Amino acid sequence: MALWTFFGLAHGRATSDWDGGDLRDAGQHGVQGMPRVSAQPCAESCAACVAACPTDALRLVEVPGGAGVGVAPQPGIALDYGRCIACQRCVEACPTDTLQASHDWALATRTRADLRFDPQQAPSAHDALAAELQNTIARRFRHSLHIRHVDAGSCNGCESELQALLNPFYNLHRLGIFFTASPRAADLLLVTGTVTEPMREPLRAAWEAMPEPKWVMAMGACAISGGMAREGYAGGSGLQGLIPVDVYLPGCAPNPAAIMHALLLLLGRSEQHLHGGRHDG
């Protein structure tokens, strides 16, 4: 008899009730998330976090010092969550707490621009095209979605998290979301890995075999930007410029609840919490 059977007999139902609503009910309390950029200004001439970042997710920028003539700009940090692997090295290296640890994990977005935080720019307005796409998908697939997953050069970290979606706790099928072996039966192409050169054509073939309407989700830093192995002799730069992407899910690797949130975001059953690199919370 399976271990989960004994657990169920002893403790009752083990499956989560979370359906993409309140993030506090997702069972991720205390989970280490992505770093946040606080309002604390950077130290003068400090680039410790930029030097510590292994994926070039950070860069130095000048932030306007405020109203008035002669007010000198202050040093600041721009952060690309699409490249961030949440290693926390920047947080450890920062001497001024400009970069701080957080519990932010539900960071899926509908546009690549929403993954970029730049203090020089105002928060981005909600994309009208993205909202229209959400409404279209919600009308057609709100209660059912079939996924074709393609590993395009992953370390298998993302695959481990995907497999966890099918365990009794997350039980993805209860939400009407299923994996399929054939792209011809799929609504969504879920891509992991850096998209290496040998995988570019098979990936494109899978995309072209899918019936319309169809969508793409880039899961993890590798699929979004190439991650740790970007632009190397065996690594690519993610899906950029290859096929259109409808949902971006950053992380290395995103946890199962974050994947669920991204899928439900596509279906219009959960909300986007990151806009212009700024978290709603």
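Here are legends for a handful of close-up views of this predicted model.

Local features are taken at pLDDT of at least 70 and side-chain atom pairs only at pLDDT 80 or more, while totals for chains, interfaces and linings use all residues. Numbering starts from 1 along each chain as its sequence is written, and side-chain values use heavy atoms, with hydrogens and water left out.

**View 1. The five-stranded sheet.** Five strands line up as β7-β6-β8-β9-β10 in an open sheet with parallel pairing. Strands here are DSSP runs of E with at least two residues, helices are runs of H or I with at least four, and both are numbered from the N terminus; two strands pair if DSSP finds at least two bridges between them. β7 (177-179) and β10 (247-249) sit at the edges with a single partner strand each, so one side of each has no neighbour in the sheet. On average, neighbouring strands are turned by 25° against each other, direction ignored. Angles run from 0 to 180 degrees between N-to-C directions, using axes fitted to C-alpha atoms, for helices over the stretch in contact.

**View 2. Zooming in on β6 and β8.** Strand β6 (residues 145-151) runs parallel to β8, and five bridges join them. Look for D151, whose bridge partner in β8 is T192. Helix α5 (residues 157-164) lies across β6, β7, β8 and β9, at about 135° to β8.

**View 3. The largest nonpolar core.** This core has 38 residues, with L189, L203 and L239 making the most contacts inside it. A nonpolar core means buried Ala, Val, Leu, Ile, Met, Phe, Trp, Tyr and Cys residues joined through side-chain atoms within 4.5 Å. Buried is under 20% relative accessible area, exposed is over 50%, and partly exposed is in between (1.4 Å probe, protein chains only). Elements giving two or more residues include β1 (34-37), β3 (74-80) and β8 (188-192); α6 gives the most, with three. Leaving out residues up to four places away in sequence, L239 touches V191, V195, L203, V216, A218, A223 and V245, where contact means heavy atoms within 4.5 Å. Apart from this core lies another, of 31 residues, with Y170, L190, M217 and A262 among them.

View 4. β3 and β5 pair over two bridges, and L79 stands opposite F117 in β5. D118 forms a salt bridge with R59, the closest N and O atoms being 3.1 Å apart. D118 lies in the loop between β5 and α4 (128-141) and R59 in strand β2, so the pair ties together parts 59 residues apart in sequence. D118 is buried at 8% relative accessibility, whereas R59 is partly exposed at 44%.

View 5. The whole structure has seven salt bridges, each a side-chain nitrogen of Lys or Arg within 4 Å of a carboxyl oxygen of Asp or Glu. D80 and R112 form one, with closest N and O atoms 2.9 Å apart, and both residues are buried. In helix α6, E201 and R204 lie three residues apart, about one turn of the helix, and their side chains meet at 3.8 Å, N to O. E201 is exposed at 52%, while R204 is partly exposed at 26%.
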